[in-house]
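Thanks for asking me to look this one over.

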Amino acid sequence: MLWVNGEVVHEDQPVVLAHDHGLVVGDGVFETCEVKDGVVFALTRHLRRLRDSARGLGLGIDEALVRSGVEAVLADRPAWARLRITVTGGPSPYGSERGTAAPTVMVATGSMHAWPPTTDVAVVPWVRNERAATAGLKTTSYADNVVALRYAHDRGAAEAVFANTRDEVCEGTGSNLFFEYDGALVTPPLDSGCLGGITRELLIEWLRDDGVPVHELATPIAAFHRTREAFITSTTRGVQPIRAIDGAPLAQAPGPLTERAAAVFARRAAADSDP
Ligand SMILES: Cc1ncc(COP(=O)(O)O)c(C=O)c1O
């Protein structure tokens, strides 16, 4: 189902102007959420991140409007779906300067698919810029990710991994990274330039509640290549073990840290739909 600027519209209907700033320069922010039995998982956190991303772009968000869009597309209570919220700079001149029109707000549901039990990843030769104006924001400017994912697919991997300009481990194109380092579980800190993933932040909180230390630690990309076990996290993948990095199988997939993380995440997510 699709809802745009206050109205449910047919998915095949043209709804965005050619000079929408989201299309012209990728000036927009978005969220991808999981819907189960008609309920959005962690909606409060997703809306907080949407607000933060929008603030980072200097874009105003009408949260009541966004919420009414969410309600509208969930009217048929889908059993399992992906919910996509997009807010762009709206109709604007053909250039980097945003116009004065209201933002374009779109909320859509789409299908979800189960991911394989493990994934292979490829480290790409391009970097995330942790000092970029949009570092850590979930913007619609994802062309870097499109190129990186194609690079990974060309090498038989299902996710691409970026280091940052300091050659430290950063994130995937649509996922955060956790891995074993000196026997402990580490994940890149937010100042690595990675997105503050909702799955990442919940997992860190929940593992710590369970007495499992998770270190937000800057590590050289070489440490990732040497790890015994690793996994990626995202809204659509949950906790997904990494089988191989750049074609080299890991010692354990899943290893004990990964199994613990997956179990804790599954248990806590099932207990609370808006943690
Ligand atoms: C660049 C990037 N990093 C990490 C993630 C994972 O975030 P979340 O757990 O909120 O889905 C995403 C989500 O799509 C992403 O686009």
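**Notes on salt bridges and strand pairing**

1. D210 is partly exposed, with a relative accessible area of 28%. Please keep in mind that this is a predicted model. The side chain of D210 forms a salt bridge with that of R260, at 3.7 Å from N to O. D210 sits in the loop between helix 5 (198–209) and strand 12 (214–216), while R260 belongs to helix 7 (residues 256–271), so this pair ties together parts that are 50 residues apart in sequence. R260 is partly exposed too, its relative accessible area being 39%.

2. Salt bridges with shared partners also link R45, R48, E201 and E205 into one network.

3. Next, have a look at R128 and E171, whose side chains meet in a salt bridge with an N to O distance of 2.5 Å. R128 comes from strand 7 (residues 119–128) and E171 from strand 9 (residues 169–172), so the contact ties together parts that are 43 residues apart in sequence. Both R128 and E171 are buried.

4. E130 and R166 form another side-chain salt bridge, at 3.7 Å from N to O. E130 is in the loop between strand 7 and helix 4 (143–154), and R166 is in the loop between strand 8 (159–164) and strand 9, so the pair ties together parts that are 36 residues apart in sequence.

5. Now to the strands. Strand 10 (residues 176–181) and strand 11 (residues 184–187) run antiparallel and are joined by three bridges. Within this pairing, F179 has V186 of strand 11 as its bridge partner. The two strands form a hairpin with two residues between them, and D182 in the turn has a positive phi of about 55°.

6. How do strand 11 and strand 12 pair, in the parallel or the antiparallel sense? They pair in the parallel sense, over three bridges. Here L185 has V214 of strand 12 as its bridge partner. Strand 11, helix 5 and strand 12 together make a right-handed β-α-β unit. The loop that holds D210, from my opening point, lies between that helix 5 and strand 12.

Methods
Residues are numbered from 1 along each chain as its sequence is written. This is a predicted model: local features need pLDDT of at least 70, side-chain atom pairs count only at pLDDT 80 or more; totals for chains, interfaces and linings use all residues. Side-chain values use heavy atoms; hydrogens and water are left out. A salt bridge is a side-chain nitrogen of Lys or Arg within 4 Å of a carboxyl oxygen of Asp or Glu. Helices (H or I, at least four residues) and strands (E, at least two) are DSSP runs, numbered from the N terminus. Buried means under 20% relative accessible area, exposed over 50%, partly exposed in between (1.4 Å probe, protein chains only). Two strands pair if DSSP finds at least two bridges between them. A crossover is right-handed if, with the strands pointing away from the viewer, the path from the first strand over the helix to the second runs clockwise.
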